[in-house]
Amino acid sequence: MTDIKILFAQAVDLLQQLIAIPSFSKEENLTADLIEKFLQDRGVKTHRKLNNIWAWNKHFDASKPTILLNSHHDTVKPNSGYTRDPYDAKIEAGKLYGLGSNDAGGCLVSLINVFLYFHDQENLKYNFCLATTAEEEISGVNGLELIIPELGELDFGIVGEPTLMQLAIAERGLMVLDCVAHGKAGHAAREEGDNAIYKALTDIEWFRTFRFPEESDVFGPIKMSVTIINAGSQHNVVPASCTFTVDVRVTDAYRNEEVLEIIRQHVSCDVTPRSIRLKPSKIDKAHAIVQAGVALGRTTYGSPTTSDQSLLDIPSLKVGPGDSARSHTADEFVYVDEIKEGIELYIKMLESIN
């Protein structure tokens, strides 16, 4: 068992090294190399598929349940508002700056070192599976989703995202719908055609006003927003088609497939989802890991943002050091004390469950 002070120090050092390496989604090979070597240098047997690295505790026992510890090492690209070098991981006034420091570097290095804390221990109540994954920022298919079949049976998961170490017990799912209303072209000066814009308006009004009968205890109603609309080619031609896009934030009261079916029953336009992969998720407030966090003074809430939690079919808790409000911002940072708190709280929560 490694001393927490050592774990904290090496977590900060690892994060500084990670920040120094650009790791945009689909370009994470060098940070994957670094994580792989970091774990191997500490006696961990690692597994790799593309830019995803995973490992199990040393004394894995197939008769025991397994806890997944997951976070990602890809980042978005730095926005134009940066006043600092996004790859210069300096610590100033207790803040560790750099691209990906908050989302989700602090969570990632905390969970890696929590895994190391448990890795060599014998007679654990649970196995631990660490998965450091790619393509989270673009919800890519070559990240966590790619390796889930390799991880074996999992009892529940902790997904490391910046939550100020509060407990996100539910997360909205996301479907983006491409819709097409069909009419018939004609000359605008004569009584010709069937205006697709008018047909689209009826469906758009439905999206604006419809309320699904089932509502989430955490989030309330599903939210649907029409965000893009396109139609017509010139002023004197009645348009034969009108396309529009709908952003649907699905709650844990429904599965994505159910929401899609209900929508198609109520509108006349063609409705094509870009994906139904990003599922809503929920973990029961009575679950042992949630109760462990509550006992340590943490509060529960529902997260409006999506993460790799949406790809899991097991109970999972989103929790981690850092603040979601800092994610993707210019001059991103994480407080180094947040990393220390994260390591300590993760360990306390995991040691207290039966």
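## Surface patch, strand pairing and aromatic contacts

Ile197, Tyr198 and Leu201 make a nonpolar surface patch of about 300 Å². The model is predicted. Elsewhere, strand β9 pairs in the antiparallel sense with strand β13 and with strand β14. The structure also holds 11 aromatic pairs, and one aromatic cluster is formed by Trp206, Phe207, Phe210, Phe212, Phe244 and Tyr254.

**Nonpolar patch**

- Ile197, one of the residues that make the patch, lies in helix α5, which spans residues 196-209.
- The relative accessible area of Ile197 is 30%, so this residue is partly exposed.

**Strand pairing around β9**

- Strand β9 covers residues 173-182 and strand β13 covers residues 241-250.
- These two strands run antiparallel and are joined by 10 bridges.
- Within this pairing, Val250 of β13 stands opposite Gly173.
- Strand β14, made of residues 270-273, is antiparallel to β9 and pairs with it over 4 bridges.
- Cys179 has Val271 of β14 as its bridge partner.

**Aromatic pairs and cluster**

- A pair of aromatic rings is described by how far apart the centres are and by the angle of the planes.
- Among the 11 aromatic pairs is that of Trp206 and Phe207, which is edge-to-face because the planes stand at 75°, with the ring centres 5.2 Å apart.
- Trp206 and Phe207 are both buried.
- The rings of Phe210 and Phe212 also make an edge-to-face pair, since their planes are at 85°; their centres are 4.9 Å apart.
- The cut-off for an edge-to-face pair is an angle of over 60 degrees between the planes.
- Phe210 has a relative accessible area of 22% and is therefore partly exposed.
- Phe212 has a relative accessibility of 3%, so Phe212 counts as buried.
- Buried means under 20% relative accessible area.
- Trp206, Phe207, Phe210 and Phe212 belong to one aromatic cluster, which also includes Phe244 and Tyr254.

**Charges over rings**

- Arg42 places its charged end over the ring of Phe38, at 3.7 Å from the ring centre.
- Lys95 has its charged end over the ring of Phe333, and here the distance from the ring centre is 4.5 Å.

How values were computed:
Residues numbered from 1 in each chain as written. Predicted model: local features only at pLDDT ≥ 70, side-chain atom pairs only at ≥ 80, totals over all residues. Heavy atoms only, no water. Pairing = 2+ DSSP bridges. Patch = residues over 30% accessible without salt bridge, like charges linked within 9 Å, V, L, I, M, F, W, Y side chains within 5 Å. Areas by Shrake-Rupley, 256 points an atom, 1.4 Å probe, with all protein chains shown as cover. Salt bridge = Lys/Arg side-chain N within 4 Å of Asp/Glu carboxyl O. Buried < 20%, exposed > 50% of the residue type's maximum accessible area, 1.4 Å probe, protein only. Phe/Tyr/Trp six-rings, centres within 6.5 Å; stacked < 30°, edge-to-face > 60°. Lys NZ or Arg CZ within 6 Å of the ring centre and 35° of its normal.
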